[in-house]
Amino acid sequence: MNGFGLGKSTSRDSNLIKFSSLWNSFISSTNKVTDIYQENLTLVNYIPQLNQAELDSVFVSSGWVTLLNLDVDLSYFYDDSKQDLLVIHYSDQNASNQYESVTVTNNIQQYDYLLNLYIKNYSSVENINTNEIIKNFNAINGQWLLRLISDKQRQRGNQHVFREKLSIISAYKELLGILSHQDIFWVPIALEEVLRVSGMVGLSKTEGLFSAKNLGHSGSTSDDLLMMGVEFTGEVLKLHFLPVEVKIGINDSSVRIKAKAQIENTYNLLMQFLSDENTDVFMKKYYLNFFVSMMTSNLEKMVSSGIYTVDTIINYEEIEERLRMGNFELSNEMLDYYGKGVIFEFTKDQNARTSQRLSDANISLIKVPEIDAYNVVSYNTRKVIHDISSGLFDFDSDFLLSNKKVKNEINYHPIDTDTINTNSRVADSEVISQDEAYDHIDNFSKSEEYSFPLTENLDYSDSKLIEEQNYLDTESKQNDAVVIDEIKNNEAQIKKLSEKRLLIGKVLNSNFNINWEYGHRGLANRHMLITGKSGQGKTYFIQTLLHEFSKKMLNVLIVDYTDGFLPNQLDTKLLQSLGDRIRHKIIYQDLMPLNPFKIQKIDLGGLIIEEQPLDMVERVVQIIDFVFNLGVQQRTLLTENILEGYRLNGQSYTFSHLREDLVNSEDTGKQNLYGRISTLLKRDPFSYDNNFSWKDVFNNTGEIHIFQLKGFQRQIQQVMIEFMMWDLFQYATKSGTEDTPLPIVLDEIQNLNFSANSPAVKILREGRKFGLSGIFATQSLDSMKGTDSEAIYNAAQQVHFLPPDSQVKNLAKSMTSSAVDAREVESQLKTLHKGEAIINGPVLNNYGQLSPPQRNVVKITSFEERLDRP
């Protein structure tokens, strides 16, 4: 028989404590036959001092050592004098403060090797902090790691299970940052561990709260977490419960449906058994105390291993006392902030960290890149908490608990990063931000620009925090100065093309910026497709894009026949920002500076030759036919007339010559042809200027050249655009290179020719190698003309605003490969607000590489925000 100890309890007044004291005296009187009863006496264990030298020799000669029935806690093994000793596993029944067993080793290399061997398959971290991983595994579930390592040694490890377990650790670390609040500290509990411990202390696994069926588990591979929060403001101690379902992988809608059901089930069970819904007061308190016991046990493990420190928790001892005495109340306040629980998804091919309340369920959804599961697991936990709460991640600041819940300023006690354990082994690598992959740090000083992905480029070793912060501040100021100098003087050194990134907007429910990785060598092409019905923000977005081009010292050509880029239609902030770098060319006044009948040069693999007159004529006839819809005989007649006219007039041949020939002819066919194309021939819009060169338009000075076609009839405008695109394409094939971009903006492209040999299709399919960069906008995708209109989807970057209902299905299908994904995208398209768009294109991933095309719902960054950026 055993007596009872009071532990750290300072209370002596309760009936239970008085009874325990009397019981201790009674037990001590029965130890020997000669013992007599005496009040306030109890039996104690004598702990003999082990010879440290003997222990050291055992550690050296063993792979690991398991110590049984210890009367010390884990802090004994985390003492600084035992730095070479690694706790790899411990077990307890949660019924006492005593550990059944603790397994330790000083052969750290084998665990470094095995964990590195496992994680290197997934992680981008150079030097895995295995000590951090082991500490966190032990804090959540002491058996997972040994089981996984043992499986690996026997070469039958379950890779999926291992990824799941890593994701649980990383999820709870990021949640500790998201839920960080000065009045609350949070402790994670694995519901699988709840099942294990409840069975050990005699609670039924087949009925009640702790049944496997109720908790929704299927064996030992469940991902469920329960985050327990303790809030103490000096008067009332509150307990918060937040169920968490962790998913890793593709995470399609079917996975999320299951996760929603699991969260709903777990929340309802907790309320059924722990809240006032449970009319059995004794069992309600028993269940509550059980969870508190598990929470305090996990908390002590976290404190002992240095994940938490007592200094970071205000009134730690009083909180412990209140928890032991049952002096707390259950709070449902998190329901207002995060709903019934959190689905935490580590998603394949995801780069942004997003967070939101789901509209179809009272549940929160957090989505992060899959790589977080394999990287964050080895980062220092308190550093992760600090950085998330400080805005150094790209989580939406409004989703952080510190911004949702009113703070109690009296009890404010922030995590002190100076106290973080400097002995923690962590990757030594260069600090880098998301934008720093090309531009170093775009705007480190502004909180909305914090975009720190957790990658191997983030150094989470604690001893370097101040040094690294100083480095970042210095680098940021230097970069700011360089960029400002470029914008103001317009003559600073042009950045390399590979560094040019054009800001599009911010992922919805996140602070992650989506950029058009315009200069990246891995980009399939530099074409962009912009769609959406009128009034949703297409023109505004194009204007913000012009600002980005100019800022990066890239010239742009806009051919405006929609009147959307007239001086009085441009945003005043764009006009103020770019000033005289916006160049308007009024074609109605100056005419189009091209010669449609110019004989072009053809590059035959390095051999440059002039095209034949018939090649030129067929090009001219193709354009006129597309615009005026000629018949077969009219096309033939037009070809013959232009050929004959060119033979007589050579390079001086113009549409005026063609008009004169047709008007003066008595041939009925020619008269009918003139009637068909007279709109063009009566107002020849070309200047036939042979001195014009596209080199003067694209000279890397950050100028925006707007060719304004207002004043001409639509058919004449179409003719000019088609000829202009052909001329630009011919120029690019002779003078352009992949490293000299030639961006051209065309709106209302449903009016262009998209037949197989049209200039628009040539630009889309062949333009990349010549530097051509088409930015095509339309509100009528289903009205595209030509046999090769599908070429428009060749654009590597796509921006889709709210579309007409008739286009939703086709758009969704073009961006997905499965019916399930298509339905999800359809829903996203239908619910877009003005200024929001689905961006479908490559994203610079967390370690500086271009990802495959990804879909992100993005809020277009306004001019006000852009002008605040360097």
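Contact here means heavy atoms within 4.5 Å, and the views below come from a predicted model.

**View 1. Helix α25 packs against helix α26.** Here residues 714–735 (α25) sit alongside residues 759–766 (α26), with the axes 9 Å apart and at an angle of about 35°. On the α25 side, look for E722, M725, W726 and F729; their partners in α26 are P759, A760, K762, I763 and E766. Sorted by class, that contact has six nonpolar and three charged residues, with no polar ones.

**View 2. R324 and E320 pair up inside helix α11.** The closest N and O atoms of this salt bridge are 3.8 Å apart. Both residues belong to α11 (residues 316–324), spaced four residues apart, or about one turn of the helix. E320 counts as buried because its relative accessibility, 7%, is under 20%. R324, at 38%, is partly exposed.

**View 3. E864 meets K573 in a salt bridge.** The N to O distance is 3.1 Å. This pair links distant parts of the chain, 291 residues apart: E864 is in α29 (residues 863–868) and K573 in α19 (residues 572–578). Relative accessibility is 41% for E864 and 26% for K573, so each counts as partly exposed.

**View 4. K809 in helix α27 bridges to E826 in helix α28.** Their closest N and O atoms are 3.6 Å apart, and the pair ties together parts that are 17 residues apart in sequence. K809 is exposed at 58% relative accessible area, whereas E826 is buried at 14%.

**View 5. E132, K135 and K173 form a salt-bridge network.** Zoom out to the whole model and the count comes to 30 salt bridges.

Methods:
Residues numbered from 1 in each chain as written. Predicted model: local features only at pLDDT ≥ 70, side-chain atom pairs only at ≥ 80, totals over all residues. Heavy atoms only, no water. Axes fitted to C-alpha atoms, helices over the stretch in contact; angles between N-to-C directions. Helix = DSSP H or I, 4+ residues; strand = E, 2+ residues; numbered from the N terminus. Nonpolar A, V, L, I, M, F, W, Y, C, P; charged D, E, K, R; others polar. Salt bridge = Lys/Arg side-chain N within 4 Å of Asp/Glu carboxyl O. Buried < 20%, exposed > 50% of the residue type's maximum accessible area, 1.4 Å probe, protein only.
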